[in-house]
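This report describes salt bridges, a helix pair and a surface patch. The sequence and structure come first.

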Amino acid sequence: CYLRACLEITSGSAAVIKVREKQNPKLLEEAKPKEKKWLRALLSWSREIKVDKDGTLLSHLPIEMDQSNSAYQHIGCLMDDEKLRRWSNLEGDEYHDLYTEIGNLLNRNDIEKKERRKIIKEVAKKWGYGATLTTCAGTLWELGADEPEKYTYLHSLTYSQLWALTTEVVGLLDRECDSARQFFNDVHQIVDNVRDNGQVDYIAWRTPMGFEMFEKKVREKRDQRDIWSGDKDIYPVVYRPKGIAWHKMKTSAPPNVVHSLDACLLHGTLWAGRFWGDKDEEGRVYVIAGNEDGSDYIPYPVITIHDAFACHASYCEDLNQKLRDNLK
């Protein structure tokens, strides 16, 4: 988006110079020595752009659309939690923000509204992927230390006070987003079952698009050596596998399942435009394509980075609606 904005400004400047040169053919000759190089570059650029008769320049600036609380949207669907879907702005006519909704329940009137939302957001992002209380508290500690002027409340806390705040926020998330906690527990139990079964040393699942996902993590033994490079000593580090890390697999499985569904939404939308789910003989859901005539397919360029999307302004409404329909 930044690169495209730079090109838009350049094109706009070139269009202005192009018009002014028509009005004054001696524009380049009359320019000061320092201006001539700049004018020549813009006049050269202006030959590559098209301007309508009324002077309108066609823009290609992409408009970004970021999914709001995307992890909680997926979990709200998986666990059939209507409140979580509404709070994560997936359902309903009114705009909701999960972090603000939780922040309104936090019994800390001395925290400024904007900082309160940031605190909830940072903890919820980590908690939503199964992070420990220690990890969540560490995130807030670093936030207050790195930007003390911006997050004055966090910066004023001792670590024990910050731990109490983190505990309070996590308690609210546990209570208000209990289906998310249940989702973590369910996935953790499945990983335990695979481990106890003893037949495989990995976990796997299939997305509704038919992609087979595999996760395998190992414990590592750090091995370092000093080697003469011919110029100086270098110290390469090798991490040797040392058995299966079931605990790591257990904690990373819930976020990986959610990420794979996010990727499924992205793949399906770009492939089919609009799609819907059906079930096979064993009751497993899978995705099928839209209309054969292509009426639901996306005929325009789309940028995708994880749960952020961008397209041209004239297609925003269409892409937004397709993403909503497909997530449903």
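In this predicted model, Asp 174 is partly exposed, with a relative accessible area of 30%. Its side chain meets that of Arg 181 in a salt bridge, 2.9 Å from N to O. Arg 181 is partly exposed as well, at 27% relative accessible area.

Side chains of opposite charge can pair when their charged atoms come close. A search of the whole structure finds 20 salt bridges, and the table lists some of them.

| Asp 174 | Arg 181 | 2.9 Å |

Asp 97 counts as buried because its relative accessibility is 9%, under the 20% limit. Arg 117 is partly exposed, at 30%.

In the remaining pair of the table, Asp 80 is exposed, with a relative accessible area of 61%, whereas Arg 85 counts as buried at 11%. Asp 192, Arg 195, Asp 196 and Lys 250 are linked in a network of salt bridges.

Next come the helices. Helix α8 (residues 133-146) contains Trp 141, which is partly exposed at 39% relative accessibility. Trp 141 forms a nonpolar surface patch with Tyr 159 and Trp 163, and together they have about 290 Å² of accessible area. Helices α8 and α10 (residues 159-176) pack at an angle of about 120°, with axes 9 Å apart. That angle makes α8 oblique to α10, and their crossing is right-handed.

Key. Residues are numbered from 1 along each chain as its sequence is written. This is a predicted model: local features need pLDDT of at least 70, side-chain atom pairs count only at pLDDT 80 or more; totals for chains, interfaces and linings use all residues. Side-chain values use heavy atoms; hydrogens and water are left out. Patches are made of residues with over 30% relative accessible area and no salt bridge: like charges are joined within 9 Å, nonpolar side chains (Val, Leu, Ile, Met, Phe, Trp, Tyr) within 5 Å. Accessible areas come from the Shrake-Rupley method with a 1.4 Å probe; for residues, only the protein chains shown count as cover. A salt bridge is a side-chain nitrogen of Lys or Arg within 4 Å of a carboxyl oxygen of Asp or Glu. Helices (H or I, at least four residues) and strands (E, at least two) are DSSP runs, numbered from the N terminus. Buried means under 20% relative accessible area, exposed over 50%, partly exposed in between (1.4 Å probe, protein chains only). Axes are lines fitted to C-alpha atoms, for helices over the stretch in contact, and angles run from 0 to 180 degrees between N-to-C directions. Angles under 35 degrees count as roughly parallel, over 145 as roughly antiparallel, 65 to 115 as roughly perpendicular and the rest as oblique. A crossing is left-handed if the near helix is turned anticlockwise from the far one by less than a right angle, and right-handed if clockwise.
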